[in-house]
Each structure stands twice: as structure tokens, then as C-alpha cells.
Amino acid sequence: MCKNFNFREFKFAQTMIFTINQINENPDMLPGVKLGYKIYDACGTMDILGAALSLVSGIQREFNIENCSKIETVQAILGHSGSRPTIAFAPVVGRFRVPVVSHFATCACLSNRKEYPTFFRTIPSDYYQSQALAKLVKHLGWTWIGAIAVENEYGLNGIAAFTQAANEYGVCIEYSDTFSSSGPPEDLQRITSKIQNASSKVILAFMSHREIKMLAQELYKLNVTGLQWVGSDAWITDHSLTDSEGHSVLLGSLGFTVSRAQIPGLEEHLRGLHPSLFPDSQFLLDFWEDVFDCSLKPATGGQKLCSGLESLRDVESKFTDVSELRFTNNVHKSVYSVAHALDALLKCEEGRGPFSNGSCADTTHIEPWQVLQYLSSVNFTTPGGDRVYFDKNGDSPARYELVNLQITNRGTMEGVTVGIYDASQPDSHQFIMNNIPMVWGNGHSEVPVSVCSESCPPGSRKVLQKGRPVCCYDCIMCPAGEISNSTDSIHCMKCPPEFWSNERRDTCIPKEIEFLKYKEILGSLLALFSLLGVFLTTMTTIVFYCHKETPLVRANNSELSFLLLFSLTLCFLCSLTFIGRPTEWSCMLRHTAFGITFVLCISCILGKTILVLMAFKASLPNSNLMKWLGPMQLRVCVVVFTLIQAVICILWLSISPPFPFNNMILYQDRIILECQLGSDFGFWAVLGYIGVLAILCFVIAFLARKLPDHFNEAKLITFSMLTFCAVWIAFIPAYISSPGKFTVAVEIFAILASSYGLLFCIFMPKCFIILFRPEKNTRKHIMGRSYNNTS
């Protein structure tokens with residue numbers, strides 16, 4: 001026995017009757033054919049299954065019209081509104097190949113063509129709704145939500161499809177649970193406890209209006225507020241929510257529902273209903289007595305008798321309200337889809353039919369499987385402007401209105417359309433939002449936040465927390481040399497070799513190119529000492545030139561002294577070529593100039609040393625050395641020694657010259673611009689040749705160290721060569737171990753230190769005598785002691 005009268009289902013039935021009458025009155029559709037119908041009471045699954053079996057088994061009806069007296073077989077079944085009853089009878093009906101068109105059964109499982117081969121629907125599948133809900137959640141930035149469903153096929157399949165879609169869009173579900181309105185109270189308490197203890201603030205509810213009312217009422221009693229609900233179409237626009245206790249908990253809920261539509265003439269049909277039009281309809285009798293609270297039969301139990309003057313035109317009820325037709329319009333489209341299939345079948349042209357050899361159906365003996373064939377290919381637009389067609393699974397195109405539950409001016413909570421979702425559009429254009437202000441569950445004007453972890457800013461990457469969903473993570477800054485330029489990046493990208501990450505690790509910037517510059521302190525100091533050396537050498541040259549006729553200058557071979565001072569000046573100046581940006585020419589110049597000038601310098605010192613030693617030997621009796629070591633021979637020696645170094649440098653430059661090189665290995669965050677030697681052998685050959693001459697000069701000077709002090713400068717040369725060798729011996733490990741631009745600084749320091757050592761050790765004592773002890777700058781003082789020692 002049915003417990004109560006369902007106004008919504010009766011409205012659906014009357015919409016079907018109205019649509020059939022509308023089609024029958026249309027001369028362009030189904031010429032010569034009238035559609036009929038039979039309506040069964042959907043009171044329990046077993047009754048629904050029995051009704052379906054009776055429809056497919058055949059109904060004996062007699063018609064007075066010629067050629068219509070036959071056993072009628074139903075051509076299509078419209079309904080049911082629920083997924084569970086449809087799941088029960090659709091496979092049975094499918095064995096008879098009878099089409100089933102539903103206006104409200106949304107379970108995604110019904111898209112399975114193997115189990116439900118004849119099922120169609122004019123409402124989108126829950127699969128599309130689940131996809132839309134997942135996209136909505138992602139669109140609003142909610143990545144941490146709870147999910148609750150009704151414990152039946154509708155809820156379980158819907159929540160499963162949503163979970164799969166949510167995972168694809170990076171949305172995590174903190175908890176997922178089910179319950180039923182007929183289940184034990186412990187289930188409801190378990191779910192409310194989960195909601196209270198959860199950290200997520202957004203809840204997806206895939207259930208009917210019965211379960212959501214129970215849940216809202218329980219949460220209201222527990223004073224649980226501030227939650228953002230996302231609902232399925234089964235409850236989000238249900239008008240009875242306003243009448244339930246705790247409906248304020250659901251204020252601000254968001255959800256999708258089918259689009260509203262207008263059906264011209266339907267309101268007139270509904271308001272024109274009267275028991276006299278359907279005297280045999282128990283449905284209408286029950287409806288009439290329920291609306292007007294009277295009895296059409298002799299009154300029983302004190303109930304008043306209907307006067308017969310009652311009219312629906314004077315009544316405002318949900319039954320006659322056509323201002324927001326949503327699922328009712330799906331009934332309208334269901335009837336039209338079957339009508340269009342029959343119309344195409346009747347108007348088939350032989351040779352162009354869908355059956356074998358292009359044949360058409362026998363219009364006097366139409367079979368349901370033939371209607372099924374045409375129903376699969378219907379494509380039309382209803383009088384209200386809705387396009388109707390079915391895909392390979394019997395599903396309709398997914399187009400929803402996004403509604404927001406708000407308190408309207410009438411004081412009731414109603415769904416206000418705030419946007420459109422159209423799955424047939426590209427991903428970037430599926431959501432079309434209007435400018436209507438939205439109400440949120442937290443009571444604020446801003447979109448509530450529901451995330452397990454805050455977004456990782458650019459410059460960091462996500463690291464998952466062990467044992468937790470992917471939405472729960474820590475933000476780790478990218479290591480040096482890597483960046484992430486987007487929010488919630490999973491990986492850090494390495495910068496190209498010539499680039500490095502900035503401090504925020506969100507942009508690759510060009511690496512700093514480092515070389516020894518004049519502008520920096522180290523470069524400025526080295527350049528200053530180099531110029532100071534040039535200045536001191538110049539001053540020494542001036543002092544010697546001004547006193548070139550004095551015995552001290554003449555006794556030390558003034559020609560070699562001036563040549564030595566000139567070479568020292570070049571040594572100081574060549575250190576400047578090591579400062580500044582290395583170029584191809586500067587790299588070749590700095591090493592060759594250094595090698596040749598130092599050889600020239602050492603050659604002059606070697607010449608002076610030989611001259612000192614040979615001069616003393618020549619003063620001995622029977623010595624002819626001086627005729628072999630005259631001024632010309634000394635000049636030739638200096639030139640030959642210098643030419644050998646020049647040849648080494650030319651070979652070096654010809655075979656593998658030095659060149660500028662970007663060293664990106666030494667440091668990760670900067671580029672060292674340096675002069676690559678080209679040939680290591682060439683570099684060490686230049687240094688080795690200088691070292692050989694320096695050692696030779698040191699040995700000869702060391703041998704002459706005990707000669708008379710006033711006669712020669714052997715001790716001075718010995719000290720200068722000792723300083724020179726010490727500097728360059730220390731240079732080798734310092735050069736090898738110094739990084740970057742400090743390698744160049746070490747080389748400049750060695751050049752300056754050895755040049756200063758030669759200048760001070762050889763020339764400073766002489767300048768001191770010339771300038772401050774002129775009484776010692778006499779032939780008698782210089783020659784006296786030596787003459788006494790050798791006479």
C-alpha cells in the first residue's frame with residue numbers, strides 16, 4: 001500500500017499527457033497516427049517491475065477504427081524517476097528490446113550498454129554531474145573535502161565517479177562515508193562525529209532530500225556551522241528543504257541541477273484538470289481530495305463532500321507552479337524523443353532505411369526493436385528550444401545550472417542560478433558565471449578555504465607528507481641553481497649553464513661574470529703597485545742618468561744598468577695586462593710580454609754578473625778574458641738570451657695560443673672569465689727558461705760573492721736572485737691552488753714582488769750612495785780597497 005500521494009510524480013504524469021496531446025494535435029508529426037499511453041502507480045519496486053512486465057507482454061485493446069483492431073504492444077516505456085527502480089526493471093525490459101526513456105534516473109551505472117541495452121535518458125548521467133562537481137571544487141580552490149553519500153546505487157556510484165574525477169583534478173577526500181534514511185541511528189552519529197573532527201570545511205553530499213534533511217537536522221542540534229556544502233541534483237533544488245529543521249546549516253550550498261525551461265501551455269493544462277475529465281483515474285481522485293481536503297464520494301469519517309465547484313485555477317501550489325520547470329521538462333523531452341523516433345520510422349523512404357538493404361519497417365506491424373533503432377539516432381529541438389539527442393550509451397548532453405541556496409525576498413531558501421556548466425564546450429569555457437552575488441556556507445563574502453596544506457609559492461616545490469594524501473605536503477625551497485616559476489610546483493627546474501637562480505628561486509638570471517677588474521679593491525691595489533714600480537724605476541733611471549759620469553755608475557756598466565731599468569719598467573707594465581676583461585689579444589699579450597721582458601731583465605743581470613766575475617779574473621796576471629768579453633759580446637749575449645724566449649713564445653702562439661675561456665666548473669653561481677693557457681707545455685717552457693737563467697745568474701753571483709765589496713755588485717745580485725727565485729718557487733703552488741681571479745692576482749703579485757726585489761736589491765744601495773753619500777762616489781773609494789787587495 002502506498003503511504004502518501006506524490007505530487008511531483010503526478011505532475012510528471014500530467015506533463016506526459018499534455019505532451020502526447022500536443023503531438024497528436026500537430027499535423028506535421030505522425031500523420032494518421034495517434035499516440036496513446038497507460039500510466040502505472042510507482043508504489044514500490046515490485047509494483048514497478050510488475051508494471052513493466054505487463055507492458056511488454058501485450059495489452060488487449062479493441063478499436064473501432066478500421067485496421068486498428070489488434071493486440072497492442074507498447075513501443076516505449078517512460079520512467080522511472082528513481083535510479084534504483086530503473087536498475088531493477090530495465091535489464092528485464094531490455095531482453096524484449098523495448099526502449100526505456102527516463103527523465104530522472106541519473107545513476108552512471110545505467111550507461112552500461114551490456115546490462116541496459118535499451119536504456120535512454122533525457123537527464124545527464126551522474127558521471128557528468130560528478131565530473132562537473134569535481135571541476136567546480138577544483139575551480140573554487142578546494143582540494144581537501146569530505147564526501148557523504150546515500151547507501152544505494154545512486155549514492156555509491158555517484159560518489160565513486162566523483163572520487164575518480166577528483167583524483168584526476170588533484171582534489172583529495174579526507175573521509176568518505178555512506179548512510180541511509182532507513183538505517184540505524186548509529187550510522188548518522190558516526191558521520192556527524194567525522195564531520196565535527198575533520199579539518200576540511202567543504203562536504204560533498206551525494207544523496208536525496210530525505211538523507212540531507214536528517215543530516216542537517218542532526219548537525220543543527222550539535223551547533224555545527226560554517227560548513228560549505230556541495231550537493232547533487234537530487235536535493236539541491238528540493239523545495240521541502242526550507243520546511244525542515246536545521247535548514248540554515250545548508251544555507252550557501254552549491255550544486256548542479258538541470259536547466260530551467262518553459263513549456264508553453266502546460267500551466268493551462270494543469271490548472272484545467274478536473275475529475276470529470278478522467279472519471280476512471282484513481283490518481284486524479286486522490287490528488288483532488290488531497291488538494292481540496294474533501295471527498296468526491298459520500299463523506300466518511302466526518303470529511304466534507306466536494307461541491308464540484310473546486311478549481312485549480314484558484315489554487316497556488318507546487319503542482320501548478322511552472323515558473324521553474326527542470327525535471328518536468330525532461331519528461332516533455334522524453335515523450336518527444338519517442339515521437340520523433342516513430343515519426344522517422346513512419347516517414348522512412350524505401351532504400352534509405354536503417355535496416356538490411358536500406359529497408360524500412362512495416363508501419364502496420366511496428367516492433368519495439370525498430371523504434372529502438374530510430375531512437376538511437378534522434379536529433380531534434382523541442383518547441384522550448386532544447387536540443388535532444390543521445391550518445392552511444394543513451395545519455396543526453398550534459399548541461400547544468402549552478403545554483404546557490406539563498407534566502408529570497410519571500411523568506412524561503414531557494415536555489416538561485418549563479419552560473420552554467422556545459423560539458424560539450426572546451427574545458428576553458430565549460431563554466432559560465434553570471435554576476436549574481438553568492439552566499440557561502442561560512443557566512444562571509446569571500447570563498448571559504450579548504451586545503452590540507454597551503455599552496456607552495458614559486459621558488460619552492462611540494463614534498464609529500466609520509467602516509468598522507470597527495471594534497472598534504474610541505475613546501476621546500478628549491479636548491480641553488482634550480483627554480484620553480486609556478487604555484488604548487490612538483491619539481492624544480494635546473495637553470496641553463498649560463499644562468500643561476502635568484503634569491504627567491506623563481507627566476508633564472510644570468511650568472512655574474514667574474515674577472516680581475518680595475519674597479520675592485522684588489523685590482524686597484526695591484527695596478528697602483530704596478531704604477532708605483534714604474535715610477536720608482538723611472539726615478540732610478542733619472543738618478544742614474546743625471547749621475548752617469550760618476551765613478552759608481554760607470555764602474556757598474558751603465559749601458560747594462562739602463563737596459564736593466566728599461567726591462568724592469570716593462571716588467572711592471574706587463575702586470576697591467578693581467579687586469580681587466582680577458583680578450584683573445586690580451587691573453588696572448590700578457591704571457592708573451594711577461595716571458596720576454598723577464599728574460600730581458602734576467603739577461604741584463606746575468607751579463608752584469610759575468611762582467612763582474614770576468615773583470616776580477618781579468619785583473620789577474622796573464623789574463624786575456626777581457627778581450628773576449630767586451631761590450632759587444634755582452635750585447636750579443638743579452639740579445640741571444642732574449643731571442644730564445646721570443647722563439648719559445650712564437651711557437652707557443654703558433655701551435656696553441658692562450659684564449660679567453662668561460663670557466664663554469666670552478667663555481668656554480670658565477671662564471672670565471674679567464675685566459676686558458678692553450679698549451680700548458682708552452683707556459684711552463686716560458687717559466688722554465690726564466691728559471692734556468694735566474695738559477696744560472698744566482699750561481700755565478702754566488703761564486704763572486706767574496707770578491708772585494710767596492711769592486712763589484714755580486715752580493716747585490718746574489719740577494720736579488722735569491723729573492724727572485726724564492727718568489728717564483730712560492731708562486732708555483734700558490735698559482736695551482738688559487739681559485740678564479742685569484743690565480744691572476746697571484747701571478748701579478750709574483751711579477752711585482754720579483755720586480756721590486758730586483759729594483760731594490762740592485763739599485764737602491766747605489767741610489768743611496770749617489771744621493772746621500774756622494775763622498776763614497778769616487779774612483780779612489782771604489783778602486784782603493786780592491787787595488788790594495790790585488791796589488
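How many aromatic pairs does the structure hold? The structure holds 27 aromatic pairs, where rings of Phe, Tyr and Trp (its six-membered ring) pair if their centres lie within 6.5 Å, and planes under 30 degrees apart count as stacked, over 60 as edge-to-face and the rest as tilted. This is a predicted model, in which local features need pLDDT of at least 70 and side-chain atom pairs count only at pLDDT 80 or more, while totals for chains, interfaces and linings use all residues. Residues are numbered from 1 along each chain as its sequence is written, and side-chain values use heavy atoms, with hydrogens and water left out.

**Aromatic rings**

A pair of aromatic rings is described by the distance of the centres and the angle of the planes. Trp142 and Trp440 form an edge-to-face pair, 6.2 Å centre to centre with 90° between the planes. Trp142 lies in the loop between helix 4 (126-139) and strand 6 (144-150), and Trp440 in the loop between strand 15 (431-433) and strand 16 (460-464), so the pair ties together parts that are 298 residues apart in sequence. Helices (H or I, at least four residues) and strands (E, at least two) are DSSP runs, numbered from the N terminus. Both Trp142 and Trp440 are buried; buried means under 20% relative accessible area, exposed over 50%, and partly exposed in between (1.4 Å probe, protein chains only).

The rings of Phe256 and Phe431 have centres 6.2 Å apart and planes at 35°, so this pair is tilted. Phe256 in strand 10 (residues 254-258) and Phe431 in strand 15 are 175 residues apart, and their pair links distant parts of the chain. Phe256 and Phe431 are buried. Ring pairs also link Phe7, Phe10, Phe287 and Phe319 into a cluster.

Two charges sit over rings, a term used if NZ of Lys or CZ of Arg is within 6 Å of the ring centre and within 35 degrees of the ring normal. Arg113 lies over the face of Phe120, at 4.9 Å from the ring centre, and Lys517 over the face of Phe515, at 5.2 Å.

**Helix packing**

Axes are lines fitted to C-alpha atoms, for helices over the stretch in contact, and angles run from 0 to 180 degrees between N-to-C directions.

| Helices | Angle | Axis separation |
|---|---|---|
| Helix 12 (residues 521-546) and helix 20 (residues 741-772) | about 25° | 10 Å |
| Helix 6 (residues 185-197) and helix 7 (residues 209-221) | about 60° | 10 Å |

Helix 12 is thus roughly parallel to helix 20, and helix 6 is oblique to helix 7; angles under 35 degrees count as roughly parallel, over 145 as roughly antiparallel, 65 to 115 as roughly perpendicular and the rest as oblique. The contact of helix 6 and helix 7 (heavy atoms within 4.5 Å) is made by Leu188, Ile191, Thr192 and Ile195 of helix 6 and Met214, Leu215, Glu218 and Leu219 of helix 7.

**Single residues**

Ser334 is in helix 10 (residues 327-346) and, at 2% relative accessibility, counts as buried. Ser334 touches Leu78, Val101, Ser102, His103 and Thr122, not counting residues up to four places away in sequence. The C-alpha atoms of Ser334 and Met16 are separated by 8.5 Å, although these residues are 318 residues apart along the chain.

The peptide bond from Gly79 to His80 is cis, with omega near 0°. His80 is placed in the loop between strand 3 (77-78) and helix 3 (83-95).

Asp293, in the loop between helix 9 (282-292) and helix 10, has phi near 50°, a positive value in a residue other than glycine. Asp293 counts as exposed at 53% relative accessibility.
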